[in-house]
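Colleague: I have not looked at this one before. Can you walk me through a few parts of it?
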Amino acid sequence: MFKIKILSVGKTKETWLHAAIEEYQKRLQGVAEIEWVWAKDDPQLVALVSREPLVICLDPNGKVFSSEQFSTFLMRKLEEGGSRLAFVIGGADGLPASLKQNKEAISLSLLTFTHQITRLVLIEQIYRALEIAKGSRYHK
């Protein structure tokens with residue numbers, strides 16, 4: 001089973017958003033365990049990231065993928081990380097500069113999302129990527 005951590009500043013406050021995220025977590029059961037780690041501020045986020053061996057930053061200036069390309073990327077990173085991987089989402093002001101300097105970065109869209117919406121888009125894309133890798137019809 002894959003173990004994916006998602007580190008982010010702040011918690012998901014909207015109940016409808018929390019319910020949507022929970023739906024994808026249910027769909028991922030048995031395939032990937034998603035662990036949410038909340039930081040209260042940027043310094044704590046940096047400290048949490050420093051403990052992770054393989055981290056992908058979400059940043060508007062990061063590499064943009066199609067869903068198929070993201071699936072290939074995710075599977076490669078999970079292989080590199082021994083089935084473990086962490087994603088980091090910045091707060092309202094984005095990621096601290098120190099994280100962007102030496103970590104690989106991807107972008108989920110050319111559009112700008114709140115960090116709360118980014119959580120939902122990310123978990124849905126993780127689910128989609130794993131379904132693509134399995135060859136399921138979800139992506140069609």
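Colleague: In what sense do strand β3 and β4 pair, parallel or antiparallel, and over how many bridges?
Modeller: Keep in mind that this is a predicted model. Strand β3, residues 55–64, pairs with β4 in the parallel sense, over four bridges. Within that pairing, Cys-57 stands opposite Val-88 of β4.

Colleague: And how many bridges link β3 and strand β5?
Modeller: Five, and β3 and β5 (residues 104–107) also pair in the parallel sense. Val-64 has Ser-107 in β5 as its bridge partner.

Colleague: Switching to helices. At what angle do α3 and α5 pack?
Modeller: About 85 degrees, with the axes of α3 (residues 67–80) and α5 (residues 115–134) 8 Å apart. Angles from 65 to 115 degrees count as roughly perpendicular, so α3 is roughly perpendicular to α5.

Colleague: Which residues meet there?
Modeller: From α3, Ser-67, Glu-68, Phe-70, Ser-71, Leu-74, Met-75 and Leu-78 take part. They meet Gln-125, Ile-126, Arg-128, Ala-129, Leu-130, Ile-132 and Ala-133 of α5.

Colleague: How do the residues of that contact divide into nonpolar, polar and charged?
Modeller: Nine are nonpolar, three are polar and two are charged.

Colleague: One more topic. Where is Ser-83 found?
Modeller: Ser-83 lies in the loop between α3 and β4, the latter spanning 84–89. Its phi is near 75 degrees, which is a positive value in a residue other than glycine.

Colleague: Is Ser-83 buried, partly exposed or exposed?
Modeller: Ser-83 has a relative accessible area of 27%, so it counts as partly exposed. Buried would need under 20%, and exposed over 50%.

Notes. Residues are numbered from 1 along each chain as its sequence is written. This is a predicted model: local features need pLDDT of at least 70, side-chain atom pairs count only at pLDDT 80 or more; totals for chains, interfaces and linings use all residues. Side-chain values use heavy atoms; hydrogens and water are left out. Axes are lines fitted to C-alpha atoms, for helices over the stretch in contact, and angles run from 0 to 180 degrees between N-to-C directions. Helices (H or I, at least four residues) and strands (E, at least two) are DSSP runs, numbered from the N terminus. Angles under 35 degrees count as roughly parallel, over 145 as roughly antiparallel, 65 to 115 as roughly perpendicular and the rest as oblique. Contact means heavy atoms within 4.5 Å. Ala, Val, Leu, Ile, Met, Phe, Trp, Tyr, Cys and Pro count as nonpolar, Asp, Glu, Lys and Arg as charged, and the others, Gly among them, as polar. Buried means under 20% relative accessible area, exposed over 50%, partly exposed in between (1.4 Å probe, protein chains only). Two strands pair if DSSP finds at least two bridges between them.
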